[in-house]
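Trainee: I want a close look at a single part of this model. Please keep to one region and what surrounds it.

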Amino acid sequence: MTQENSTKLHNGRSKEVPKESQKTSFWQSTKDSLKEPFTNKHFTKVSITQDTILLTTLAILLLVYKIIAEYLVDKLVGGQTSQQILNKLLLESPELAQQFLIKIQVLIVYTIAAAIAILIFASFLYILTRENLWATLLNKAKNKISLKYYFTNLKSTCKSAWKTIKQFYFRWIGLGIIALIVSSLTIAILFVLRYLIILILNQITQNAYHSDTFIQVFNPLAIIILLVILFSIEREFIKLRKVWQSVGEALANLAKNYKQLMIVAVTYFVAILLVYFVIIRVVYQNIFNQTTRAIIDLIFFIILFSLLRISTNKALEE
């Protein structure tokens, strides 16, 4: 063997990574992903802030929409049942019946128009907050800046994000449609899996209680899986700005890092079971009213939503 071949062989071997080192690197990377929300507090604060703005605004809009719609319906029908309204229309003169039908048509038109307006506003707000959020998470130069600095520069950041929205709004809509299709396929697979497991449980235990318990436990895990997929797609789109390529890269990264992402998903799933179902629900179930419980649920979801995004982003880093 010549000296050159020997050198090449030696260099080739020196580049090989031992399996133990690979395992250590994998577990260390997984630990870093789970610790990221707590080590990078700036990222966590920005993420929670943006999610709070988005989800709180949408919750308020939907609540106002619900209250106004119920008020208008109640004012129109006066608490009457559909059968009572039908009888009234049959007994009224044709002119009064026609006026009542026109009022119903106007109410339907206004309700649909308001729903479309809220949907458009929600899409702009969603894109704006995602642009600000992912720009912060993916820009490593801002790793150590304070939240005060972020709010100081939020005006210029929003201005830049609005320009980006104008440029990529319809791409965001296309991305949302494809993400919805991917999510629907994932939900279909998860539903089939859940059905099969419930079928097996029913055959083994012959007790419907176990099936109901499994459903309550399975649903949060399914939501976490869907969120991980959504975060991955958004992350790639912010980097590439191409819809199909972003989805393809996201799915490729999910497949590449599936082991690490599974550990992250299961860890957050266990956290939900322990913190939410065991502690929060038991504590406030019989103490607070329905509105207070809904607010607590929203706060918990925002925190979980934000922390999971940061861990997913860290796990997908190359």
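Start with a pair of side chains. About how many helical turns separate Lys239 and Glu236 in helix 8?

Mentor: About one, because Lys239 and Glu236 sit three residues apart in helix 8. Two points on the source first. The model is predicted: local features need pLDDT of at least 70, side-chain atom pairs count only at pLDDT 80 or more, and totals for chains, interfaces and linings use all residues. Numbering runs from 1 along each chain as its sequence is written, and side-chain values use heavy atoms, with hydrogens and water left out.

Now the pair. Lys239 and Glu236 form a salt bridge, with the closest N and O atoms 4.0 Å apart. The term covers a side-chain nitrogen of Lys or Arg within 4 Å of a carboxyl oxygen of Asp or Glu. Glu236 also meets Arg235 in a salt bridge, at 3.2 Å from N to O. Side chains of opposite charge can pair when their charged atoms come close.

Lys239 is partly exposed, with a relative accessible area of 44%. Glu236 is buried at 2%. Arg235 is buried too, at 5%. Here buried means under 20% relative accessible area, exposed means over 50%, and partly exposed lies in between (1.4 Å probe, protein chains only).

Glu234 is also in helix 8. Glu234 counts as buried, at 2% relative accessibility. Leaving aside neighbours within four places in sequence, Glu234 is in contact (heavy atoms within 4.5 Å) with Tyr126, Arg130, Trp134 and Trp172. Glu131 is 103 residues from Glu234 in sequence, yet the two C-alpha atoms are 9.4 Å apart.

Arg130 forms a salt bridge with Asp51, the closest N and O atoms being 2.9 Å apart. The whole structure holds seven salt bridges.

The largest nonpolar core has 40 residues, and Trp172, Leu175, Ile224, Ile233, Tyr268 and Leu308 touch the most other members. Helix 8 (208-240) is among the elements that give two or more residues to this core, as are helix 5 (94-138), helix 7 (154-205), helix 9 (243-256), helix 10 (258-284) and helix 11 (290-315). A core is a set of buried Ala, Val, Leu, Ile, Met, Phe, Trp, Tyr and Cys residues joined through side-chain atoms within 4.5 Å. Leu175 shows the packing well. Neighbours within four places aside, Leu175 is in contact with Ile233, Phe237, Val243, Ser246 and Val247. Apart from this core lies another, of five residues, among them Leu190, Ile198, Phe214 and Phe218.

Last, the loop between helix 8 and helix 9, where Arg241 is found. Arg241 has a positive phi of about 65°, although it is not a glycine. Most residues other than glycine have a negative phi. Arg241 is buried as well, with a relative accessible area of 16%.

For context, the protein comes to eleven helices and zero strands. Helices (H or I, at least four residues) and strands (E, at least two) are DSSP runs, numbered from the N terminus. Of the 318 residues, 33% count as buried.
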